Amino acid sequence: MNTLLKNLTIKNNFMFAAVMSDEENCKGFLERALSMKIDRVEINTEKNIVYHPEYKGVRLDVYAKDENNTRYNIEMQVLKQSALGRRSRYYQSQMDMELLAKGCEYAELPDSYVIFLCDFDPFGERKYRYTFRTACEETKKVSLKDGRCIMFLNTCGEDEQDVPKELVSFLRFVHADLKESQTDFQDDYVRQVQKSVTHIKGSREMEERFMLLELLMQDERREGRKAGELEGAQEMLQMALNRFGELSENLLKTLHQQQDIEVIRKWMETALQAESLDDFISKM
């Protein structure tokens, strides 16, 4: 069943990117997350970074820069995933690669932040905010000064005394279900974001964009299932033929080039009935 735009909360990636595409919304979020003043930001939402067809690509939920050219990548994370720290490292490296590809010298690389907004506690320490910067193990007197910062915000934190109350209010809003997210959180910024959510849900253009995205994602999932079934069938066929001994490179190439899963299944039946590899090849 298709998800309806009116049923989304800000935890949905589409809604989050749409809300944060408003510069004032994004600026307000960054000021609360980082506890610092920002004059202005420029937004590039849902940015795709792909450098080579063989490399894994990254879709950035929100990509922004401020008046000092500091770069910000903000990611919504609803489900807990493994290797989140290494994923943050990958996102960070992709941001730097894009800047270097445009001719930026190492010394010109701007400060950058990768911020994961998590609807779970990524480290189990009940902190609303986990901030990571490069540090020297041997002495605190030196700093690498590489300009990188990785931050994880946790909607399930408990250390209210250690973070601004404005950040806590927003994180509670993010954590809320549909009904609760529409209540008054006694915070002007949250009210501002709530108005943006309401406006997006009432926009015909945004509804069409969301419906198109849903269709594209369904197609991707369908193609992914087909690719998985095809790969599995090819592996099973090769296993069935391995009992006859080592397979030639030409035969392996033929098996893996076949993209019709029904043909591969027929070959599987033939392989199970064949008395030898030559017998199988003659009946292909």
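This is a predicted model: local features need pLDDT of at least 70, side-chain atom pairs count only at pLDDT 80 or more; totals for chains, interfaces and linings use all residues.

1. Residues are numbered from 1 along each chain as its sequence is written, and side-chain values use heavy atoms, with hydrogens and water left out.

2. The largest nonpolar core holds 44 residues; such a core is a set of buried Ala, Val, Leu, Ile, Met, Phe, Trp, Tyr and Cys residues joined through side-chain atoms within 4.5 Å. Buried means under 20% relative accessible area, exposed over 50%, and partly exposed in between (1.4 Å probe, protein chains only). Met20, Phe29, Leu30, Leu117, Leu153 and Phe170 touch the most other members. Apart from this core lies another, of 16 residues, among them Ala233, Ile261, Met268 and Phe280.

3. Neighbours within four places in sequence aside, Phe29 is in contact (heavy atoms within 4.5 Å) with Met20, Ile74, Ile115, Leu117, Leu153, Phe170 and Tyr189.

4. Helices α1 (residues 13-20) and α5 (residues 188-201) have axes that come within 10 Å and cross at roughly 115 degrees. Helices here are DSSP runs (H or I, at least four residues) and strands likewise (E, at least two), numbered from the N terminus. Axes are lines fitted to C-alpha atoms, for helices over the stretch in contact, with angles from 0 to 180 degrees between N-to-C directions. From α1, Met15, Ala18, Val19 and Met20 meet Tyr189, Val193, Ser196, Val197, Ile200 and Lys201 of α5. By class, this contact of α1 with α5 has eight nonpolar, one polar and one charged residues; Ala, Val, Leu, Ile, Met, Phe, Trp, Tyr, Cys and Pro count as nonpolar, Asp, Glu, Lys and Arg as charged, and the others, Gly among them, as polar.

5. Helix α2 (residues 23-34) also packs on α5, at an angle of about 145 degrees with the axes 11 Å apart. Glu24, Asn25, Gly28, Phe29 and Arg32 of α2 meet Tyr189, Gln192, Val193 and Ser196 of α5. The contact of α2 with α5 divides into three nonpolar, four polar and two charged residues.

6. Most residues other than glycine have a negative phi. Serine 35, in the loop between α2 and β1 (41-49), has a positive phi near 55 degrees. Serine 35 is partly exposed, with a relative accessible area of 41%.

7. Asparagine 69 has a positive phi of about 70 degrees and lies in the loop between β2 (58-66) and β3 (71-77). Asparagine 69 is partly exposed, at a relative accessible area of 29%.
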